[in-house]
Amino acid sequence: MAGLARVWSRGQSGMQSEPVRVEVDIGSGLPTVLIVGLPETAVREARDRVRAAINNSGFKFPDGRVTINLAPADLPKEGGRFDLPIAIGVLIASGQMPEHCADGYELIGELALGGELRSIRAAIPAALAVRQYDRKLIAPSDNQHELALVNGLDVRVADCLAQVTGFLRDDRTLPRPIANTLSVAASGGPDLKDVRGQHGARRALEVAAAGRHHLLLCGPPGTGKTLLATRLTGLLPPLTESEALEVLSIRSVAGDCIDARLCAEPPLAAPHHSASMTAIAGGGTHPRPGEVSRAHNGVLFLDELPEFERRALEVLREPIESGRIVISRVSGQCQFPARFQMVATMNPCPCGHLGDPEVMCTCGPTAVARYRRRISGPLLDRIDLHVTVPRVPFDVLREPAGDATESSSSVRQRVTEARARQLGRQSCANADLSGAGLESAAKLDQQGEMLLGRAATKFKLSARAIHRTLKVARTIADLAGSHDIAPLHLSEAIAMRGVDTVD
Ligand SMILES: Nc1ncnc2c1ncn2[C@@H]1O[C@H](COP(=O)(O)OP(=O)(O)OP(=O)(O)O)[C@@H](O)[C@H]1O
Ligand SMILES: [Mg+2]
């Protein structure tokens, strides 16, 4: 019964899913099991899981010398995802399954001792890669919600090893994943109508949502900054199918549970200010996506910005510019998508009352300077909108919800229209405009040029700040349904740059 078997599977590294050939050889000799091909601890443990799963599924683990090779050898292999292909390889090599029964298939799945299949991480990237190779996939039923989203792939899902052998050997049926569609969840999230007053900040939130601009809210304690910032995702247009698939791919690599109702709402990542640089950027021995990637196609909310570790904030600079983050390890580099919109809040000084007409600030100039130095100039330069959130007068705070407190859904409608205008014109949101795209989309008349020139000199705007102000002005014009950027739009954009608030 000695023999050799080859079965295909998929590894995982970052967002990539490379093919892995599982070779099983059974020779005569003392009963041993050897796994070669740079396997990690979890793969070595596969030996014991596979043995138990085979014996508990109506088969017999062979007695001879079993050598299992996972090729290519230099590919990092993590987790129990190779249990299923190893088990099928062992059964083929030991003559308990026909020789070519798994040809044309790729198999992934972790086995429990009783033979049940358990879900794996990164099922979506694996399925997308299998589709490219024109092969078929057999995977655990627990991953079916994710797998159902990958169109054009022949995929079967199983609950246990016996179902897979029944399908490959005895032509029994194996179900396909239950069809799954993206849905926009009934918006039960925080609503803008809870916020009283703060017309300037509400307007800034609308502009930020419409053009995907980064936003900083600055003001005394208890004025509604956190309240406003948590309402940004509720104003954003729903994700397209491909954007939602990207979001879910990241969640699937991060190992998050993906349930039956797949939401097209943009994601919100809100790390606590004690989060480490690795938690924000992503990393680890087997790099996992960090908060910047969890916020991909959605919002990264940094409450109490100056309280974050400076190193954790500095890593934001690269993804803000490039929309991705590169993580370097001794074992190689990997890259995760990280195209997010940032909303941050801060107080103007440690006591929070600098510039507050009603409460005197107790901080000395050195303390204020030290506090502000926690956020670097280059990071502030990348934030398009800097808005002051002042104290709300008592009568405004106590007024009943009415016309002055518009709901999120009606703002979202305007935002969606303005975004559609941008996509129709330049196939991207205004914040993502660059070079020639910005030049043609954000033309100014002579008056506008003069206005921008004066602001640039007065506020010592960097080239980046000038371009970002132009993008915001373009968004304001889009919200107004205007083809051209009028001086009025530009001056509102300059005011929202609020350069002085954090200088
Ligand atoms: N503009 C407002 N409209 C309605 N409620 C408000 C407003 N501002 C503050 N509140 C009330 O005060 C609470 C605290 O507001 P919030 O947490 O947003 O303050 P903050 O500006 O983030 O303060 P801090 O600087 O201390 O973080 C809110 O939960 C809400 O009940
Ligand atoms: Mg707050």
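The legends below describe close-up views of a predicted model.

**View 1. Helix α1 and its kink at Arg 47.**

**View 2. The buried residues of helix α1 and the elements around them.** Val 43, Ala 46, Arg 49, Val 50, Ala 52, Ala 53 and Ile 54 are the buried residues of α1. In an α-helix there are 3.6 residues a turn, so residues three or four places apart point the same way. The buried residues of α1 pack against strands β3 (32-36), β4 (65-71) and β6 (110-111), and also against helices α2 (83-93) and α5 (161-170).

**View 3. The salt bridge between Arg 414 and Glu 206.** Among the 33 salt bridges that the structure holds, this one brings the side chains of Arg 414 and Glu 206 together with an N to O distance of 2.7 Å. The pair links distant parts of the chain, since Arg 414 lies in helix α16 (residues 408-426) and Glu 206 in helix α6 (residues 199-211), 208 residues apart. Arg 414 is partly exposed, with a relative accessible area of 31%, whereas Glu 206, at 8% relative accessibility, counts as buried.

**View 4. The salt bridge between Glu 321 and Arg 468.** Here the side chains of Glu 321 and Arg 468 meet at 3.7 Å, N to O, and the pair joins helix α12 (residues 317-322), which holds Glu 321, to helix α19 (residues 463-479), which holds Arg 468, across a separation of 147 residues. Glu 321 is partly exposed, at a relative accessible area of 45%, while Arg 468 is buried, at 7%.

**View 5. The salt bridge between Asp 432 and Arg 339.** The closest N and O atoms of Asp 432 and Arg 339 are 3.0 Å apart. Both partners sit in loops, Asp 432 in the one between α16 and α17 (435-441) and Arg 339 in the one between β18 (332-337) and β19 (341-346), and they are 93 residues apart. Asp 432 counts as partly exposed at 28% relative accessibility, and Arg 339 counts as partly exposed at 25%.

**View 6. A network of salt bridges that includes Glu 321 and Arg 468.** Through salt bridges that share partners, Glu 321, Asp 381, Arg 382, Asp 384, Arg 464, Arg 468 and Arg 497 are joined into one network.

Terms used. Residues are numbered from 1 along each chain as its sequence is written. Chains are lettered from A and ligands numbered from 1 in the order in which they are written. This is a predicted model: local features need pLDDT of at least 70, side-chain atom pairs count only at pLDDT 80 or more; totals for chains, interfaces and linings use all residues. Side-chain values use heavy atoms; hydrogens and water are left out. The bend at a residue is the angle between axes fitted to the seven residues ending there and the seven starting there. Helices (H or I, at least four residues) and strands (E, at least two) are DSSP runs, numbered from the N terminus. Buried means under 20% relative accessible area, exposed over 50%, partly exposed in between (1.4 Å probe, protein chains only). Contact means heavy atoms within 4.5 Å. A salt bridge is a side-chain nitrogen of Lys or Arg within 4 Å of a carboxyl oxygen of Asp or Glu.
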